[in-house]
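Thanks for coming, everyone. Let's walk through a few residues together. Have the picture ready and follow along.

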Amino acid sequence: ALEGGEKEGSGKRKAERMAEPKPVVPSSLRVTVLRAENLRLDPTNNPCSPQVRLRILTNPKLPKTDVTETTPQPSTLNPEYNEEFTLGVPNANAAQLEVTIWDSRESKGATSFMGECILNLSKLVPF
């Protein structure tokens, strides 16, 4: 039986169903880091030891997710990684993939930031 004198097939029920939010479905993202090309020399003109770091970004109010790292590639401006990772994604509708690259030379005592890219996961097409 329909409530409030609503007729079968009325638009009210259809609109209510369409307004329901998408369910949050935890999933995973497989990422393959292949290579980087033509990285810049540091100010001392020494080749870097680049390392890629991957992290899923979600709501800023939630705890940050773990960082996944490639193996550092010593003394090269064109590193080849060919490493595959699977990252947990709590909500693909509201998450981003942060890809950063760092110079990880131990002689410097600390890593130095080289660049980043942030991808909105809701815009990716699954295959």
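Start at serine 75. Serine 75 is in the loop between strand 3, residues 68–69, and strand 4, residues 80–89. Keep in mind that this is a predicted model. Look at the backbone angle here. The phi of serine 75 is positive, about 50°, although serine 75 is not a glycine. Is serine 75 buried or exposed? Its relative accessible area is 54%. The cut-off for exposed is over 50%. So serine 75 counts as exposed.

Now, what does proline 74 touch beyond its neighbours within four places in sequence? Two residues: Cys48 and Ser49. Take the cysteine. Proline 74 and cysteine 48 are 26 residues apart in sequence. In space, their C-alpha atoms are 6.9 Å apart.

Hold on to serine 49. Which side chain reaches the backbone nitrogen of serine 49? That of aspartate 103, at a distance of 3.1 Å. Where is aspartate 103? Find strand 5, residues 96–103. Aspartate 103 is in that strand. Now check its accessibility. Aspartate 103 has 2% relative accessibility. Buried means under 20%, so aspartate 103 counts as buried.

On to strand 6, residues 112–120. Glutamate 116 is our residue there. Which residues does glutamate 116 touch, if we skip those up to four places away in sequence? Glu98, Val99 and Thr100. Pick out the valine. Glutamate 116 and valine 99 are 17 residues apart along the chain. Their C-alpha atoms are separated by 5.5 Å.

Last stop: asparagine 38. Look in the loop between strand 1, residues 27–35, and strand 2, residues 50–57. Asparagine 38 sits in that loop. What is the phi of asparagine 38? It is near 55°, a positive value in a residue other than glycine. We saw a positive phi at serine 75 as well. And the accessibility? Asparagine 38 has a relative accessible area of 64%, so it is exposed.

Let me recap. Serine 75 and asparagine 38 are non-glycine residues with positive phi. Aspartate 103 is buried, and its side chain reaches the backbone nitrogen of serine 49. Glutamate 116 touches Val99, among others. Over to you for questions.

Technical notes: Residues are numbered from 1 along each chain as its sequence is written. This is a predicted model: local features need pLDDT of at least 70, side-chain atom pairs count only at pLDDT 80 or more; totals for chains, interfaces and linings use all residues. Side-chain values use heavy atoms; hydrogens and water are left out. Helices (H or I, at least four residues) and strands (E, at least two) are DSSP runs, numbered from the N terminus. Contact means heavy atoms within 4.5 Å. Buried means under 20% relative accessible area, exposed over 50%, partly exposed in between (1.4 Å probe, protein chains only). A polar contact is a pair of N or O atoms within 3.5 Å; within protein, one must be able to donate a hydrogen and the other to accept it, and residues adjacent in sequence count only if both atoms are side-chain atoms.
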